[in-house]
Amino acid sequence: MKVSPKGAPQLKEEVFEPGLCTACGGCVGYCPYIKAAADRVAMIYPCNCEEGQCYQVCPRTLTDLPFFRAQVFGERALEFNKFNQDSLEAVLGVCRALYFARAGAAAGSFQGQYGGVTTSLMRYVLATGKIDGALLVGGKPAQPRPVLATTIQQVEACTGSKYAAFPTLSMLYQPTQNLSSLGLVGRPCQVTALRKMQQVKAGAAGQVKLAIGLFCFWSLGPEFIPWLIEMGLGLIDKMDVTVDEVLFQKGEEVIRQNLAEIRSFIKPSCQLCYDPVAELADLAVGSTEYEADWNTLIVRSQAGENLVKEALQQDILEVKPYPKERLPLLKQAVLTKKQRVLQALKAEKENNRVGYLNLSPAEINFYLKL
Amino acid sequence: MQKETLLKEPVNLIITGVGGQGNILVSEIVAQTGCRQEWNVVVGESYGLSQRGGAVSSHVRLFQHQEYGPIIPIGEADVILGFEPLEAARQVVDYGHKNTCLIINSHPVYPIGVLRGKNKYPSLDLLFKKLREMVAEVLIIPATKLASQLGETVVQNVVMVGALAGSGCLPFRADTFIEVIKKVVPPKVRTLNEKAFYLGLEEAQKIKSLKSL
Amino acid sequence: MGWQDIVREEPGKQVLLNGNEAMARGALEAGVHFVSAYPGSPSSEVTGVLAQVSKNFNFYVEWSVNEIVALEGAAGASFAGLRALCTMKADGLNVAYDFLTSMNLGGCRGGLVLVVADDPFGHSSLKEYDSRFLAAAAWVPVLEPSTVQEARDMVKWAFALSEQIKGPVIVRSVTRISHSRGIVTLKAMKQMAQEADFKPTQQFHTFARFHQEVRERLKQVEELFAVSPFNFSFGPEKADLTVFTCGTGWLYTKEALFSLQLEDQIKIVRPGTPFPLPKQFILGHLSGTKKVVFIEETRPFLEEKVLALYALHSENLSQIKFYGKATGHVAGLRGPECGEMNTDIVREVLARLTGRPYHASAAPLTKEEKKSLQALLPPRDYVLCPGCPHRASFWVVKSALALEGNNGMVIGDIGCYSMGAMETGFNLFNTLHCMGASAGIANGLSKLQSYGFKQPVVAMVGDSTFYHAVIPALINGRWNKANYLCIVLDNGVTAMTGHQPHPGSGKNAVGEEAEVISIEEVAKSLGFMVKVSDPFRYTEAIHDVLKLIRMPGLKILILRQPCALVANREQKRRKVVVRQELCRGDACGCMRFCTRVWGCPANVWDKKHEVAAIDPAICVGCGVCIELCPAGAIVWEGND
């Protein structure tokens, strides 16, 4: 694995100062110098450590993707042909299967986002003892809080997308009450950070056996929640984003806002992210942008595949083939994001400002020419 | 009480340490003892932010004929009683002369810069060696250790008063010191302080007699 | 110690007192009835010791909320014919000055004495300055003692003088008087019985037309000073070189003369009454001399007055060359026109002017010796006490502002917590000035949004400072829609100056139970959003700071924990220990946080094992480092 012998000073310079922190939480809570308050992460004092874990686990520092693909996907990573122009995987990452999915009949009822795939799977792995704790974001959209759920009820209380970036990985540095296997539901940057943490044996990262990555084209920075409250939307139950609208749901009432209203809250670091579909996750889950009651599900790792199989058998999950006609749309959406970011990053790289562009020139050129 | 003549006029004594080490109590004891021996006394205290871990020093001047101000001139301290090695040495730089008698508690109290790893505390061996090369007499008293034998490290300051008496540097009498200590310390810790005084006195006498062998 | 001696009824007895105790004794010998003050180094012990002994004598003592209130109270007593004393540090005279200049016009009745303690060199002050200039500008007579005994004598006489001239009198002390000990020969204490009476026909007013009356009063004072034994000379009747000195300079000059064996060649003139200048006394000594050296602390007050006098009378005087602080010939450690005096400075000037070299009686150390020893000695910086709640509050605010992320400004104020401007306070303060300045500056800064200033503003004030000077600024802020967070660091006492009680302490100066004027009740009654937090609960306190910063308007957060020195005396300590096997020490994830950054003196480094340790002798068991230790290595004893 390629590593940089760098530490907190460089993390401050390359990540915090340019506003690239994703608030993943991977560096929060291990040392006394990087702290989080709700969804804010900051370095509060120089630690003077020249080679630091914080730099190594950050998803916005140099990340040796081929290495981590091999770590997560083993043999399957070798088959992965990223330079084949026609390959779906070249854009979506390692993909054992791609479905429309939703909670199965045996999953019970709960208020999930879209098809409720994430919640039903997490409930299932917890109920069957595959994991004994899940790292989630709980609370309502205006009062998110990190949750280490150990009961099904706790998992259910965390349903629904939050959109505010929350540093849940910091929980991996807290005493985990003798929990031996953990599950994580996180943004793609958090999945990347998790893999990096597992590599350096940071906190309880090694205990995370299942990582479900959420599709994420952007998340919202710390000014978002104060804005929500100011707008009188502090008590909304649910939030959803469509192509051009944000829907805030409070009981039966739905308040619609133009998407442009909240665009200014998008974290600057999301504008420079080229992994919208959690390429290092075991499973990646998102909306379909097509059928409201279904999720898109990408099965990536062996563990992910095993779980999906079992969930299908137990009727926890229901899937149907990904509609052929939707494929180019999905591919294009991801590719557009990648291309836009890579273009920007290439320019940044030339200015020598951003340290995290970690793809080879060949790879970059491949994407840019697609 | 018989009045003794001072060896010189004035006799200049510096008591130094770190805020909280009981500097002012000792300057009070020494000055009161001077008064009881019918000398004139003036004491200048520097304790601006003394309780905040800073260096503290008291200048005690004894005289018989004319009056003196509260600050000892540069290079004119005859005795330096230091509750902390670094602070004792600091006073030597400014106020020491070749014949200065130095009585030092060997227990360091580290400055915050040293605790933070920003500065280095000198090796005590090196520091004491250097001081011995510079001034006439250096008595190293393990005062904090002796005080801890009494169960209260805080009385290291009175152990040092005992050492001052035992050093013979100044014509103070042990019994006068004891009279004063009895007067200035609260009744419930009188015995403790008397014991501390004698521990220091005996230690200084022991070191002196070893030296004279 | 001192308080037992200052109440002795043994005239003729010699006792050792510090200058402040001696001045307290002077007040007792004068039969003082009313004493009021706001504490401030180096003046605090005058009123402190009088409060301790007031019950023996049945006179009134109070710690007042600030200096102007103290002086107004003392003036009230004086108007009723009683003897009143008001003490303060030089900075406090500024606070009391508005009233002093007013009251001096109308005059007073019973002896009214102000003891103002200057702090040349700023040993325990942020600034040094010379209150003689303020006294002169206010047309208030000044006495300036040179020794501890004289401090007693002058305070005592000041009461009589004040009654005679029907105006207030200032006794100017300095650190080297207030905080020096010397032998004082006790005199009889006056009987106290005195009825307060303020007749309906009596009036004390301030009107501009009274200025001429005050001028006449000063003339009368000058006549009294002309025959005062506080003005004297020493040495030959006629000398080419004369030293004019005030205050502490007197003994330094004497020592310098003796050590240079110049006592038969140089004359010392010591006016103890620098304002109004005893002109005939000064002129008499200017006559016939060729060179004059001025030795005085802080600023060249005497020097300027004498130079002006010389200019007016030069035709009757021979040519004189002057050497002093104003001319630059006499310089303190930090240069001319400031600082303390000492024998070395005087000796150096006199040796230079006379060509008489100084030979020390003992062989000096060589420069090289001093230099090589000095090189070994690391500095000893000031540090907040072990377990000090301010350290926790500073860390909370430092963390919260970093998390807030918009370069918040911290506006500091006066107290122990002024160390927020130093490393021990994480260099947190952006500004530090005088009592109450923080809230006022914060008001101003928070109104600059239309000029593009959008950083959050946090003012940090102490509890005693809150009562002293912050409340008007807060009212101003609320009225004018200021937008900042005012944090009150409430440790229950006026800690910096020696733990005097304040309006929130529940005790008064003499130790009686008193009404608690609750900071939160005051703030709430003014309509503020108020929250009380515990700075020892780091995470929650950060949350509160962040929440309040984000709220619009002027908000008040009280961070409350008793002063560690008080808590340590009153409570049983819980013991803190280090599980050394868990300590990360110098590795990533800690980097010696407790010793390197947190900097509580009780957090020490075990060099031998290269791990953290606790110094049990000084740890007060606050337990904050337990929460801050990233490895969970610091624990309560019993939890290991």
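Me: Why is Thr298(C) called buried?

Reply: Its relative accessible area is 1%, and buried means under 20% (exposed is over 50%, partly exposed lies in between, with a 1.4 Å probe and protein chains only), so Thr298(C) counts as buried. This is a predicted model, in which local features need pLDDT of at least 70, side-chain atom pairs count only at pLDDT 80 or more, and totals for chains, interfaces and linings use all residues, while side-chain values use heavy atoms, without hydrogens and water. Residues are numbered from 1 along each chain as its sequence is written, with chains lettered from A and ligands numbered from 1 in the order in which they are written.

Me: What makes the backbone of Thr298(C) worth a look?

Reply: Phi of Thr298(C) is near 70°, a positive value in a residue other than glycine. Most residues other than glycine have a negative phi. Thr298(C) is in the loop between β12 (291-295) and α12 (301-313) of chain C; helices (H or I, at least four residues) and strands (E, at least two) are DSSP runs, numbered from the N terminus.

Me: How do you know whether Tyr163(A) is buried or exposed?

Reply: Tyr163(A) has 17% relative accessibility, so it counts as buried. Tyr163(A) also has a positive phi, about 70°, although it is not a glycine, and it lies in the loop between α7 (152-156) and β6 (182-186) of chain A.

Me: Which peptide bond of chain C is cis, and what is its omega?

Reply: The bond joining Ser41(C) and Pro42(C) is cis, with omega about 5°. Pro42(C) is in the loop between β2 (34-37) and α3 (44-57) of chain C. In chain B, the bond from Glu9(B) to Pro10(B) is cis too, with omega near -10°.

Me: Why is the pair of Phe426(C) and Trp598(C) called stacked?

Reply: Rings of Phe, Tyr and Trp (its six-membered ring) pair if their centres lie within 6.5 Å, and planes under 30 degrees apart count as stacked, over 60 as edge-to-face and the rest as tilted. The whole structure has 37 aromatic pairs over all chains. In this one the centres are 6.4 Å apart and the planes are at 25°, so the pair is stacked. Phe426(C) lies in the loop between β16 (409-411) and α16 (437-446) of chain C and Trp598(C) in helix α21 (residues 593-598) of chain C, so the pair ties together parts 172 residues apart in sequence. Both residues are buried. They belong to a cluster linked by ring pairs, together with Tyr33(A), Tyr45(A), Trp395(C) and Phe593(C).

Me: What makes Lys320(A) a charge over the ring of Trp294(A)?

Reply: The charged end of Lys320(A) is 4.3 Å from the ring centre, and the rule asks for NZ of Lys or CZ of Arg within 6 Å of the centre and within 35 degrees of the ring normal. Arg478(C) likewise sits over the ring of Phe528(C), 5.8 Å from its centre.

Me: Why is α10(C) called oblique to α13(C)?

Reply: The axes of α10 (residues 249-259) and α13 (residues 343-354) of chain C come within 8 Å and cross at roughly 50°. Angles under 35 degrees count as roughly parallel, over 145 as roughly antiparallel, 65 to 115 as roughly perpendicular and the rest as oblique. That makes α10(C) oblique to α13(C).

Me: And what makes α2(B) roughly antiparallel to α14(C)?

Reply: The axes of α2 (residues 85-95) of chain B and α14 (residues 367-374) of chain C come within 9 Å and cross at roughly 155°, which makes α2(B) roughly antiparallel to α14(C).

Key: Axes fitted to C-alpha atoms, helices over the stretch in contact; angles between N-to-C directions.
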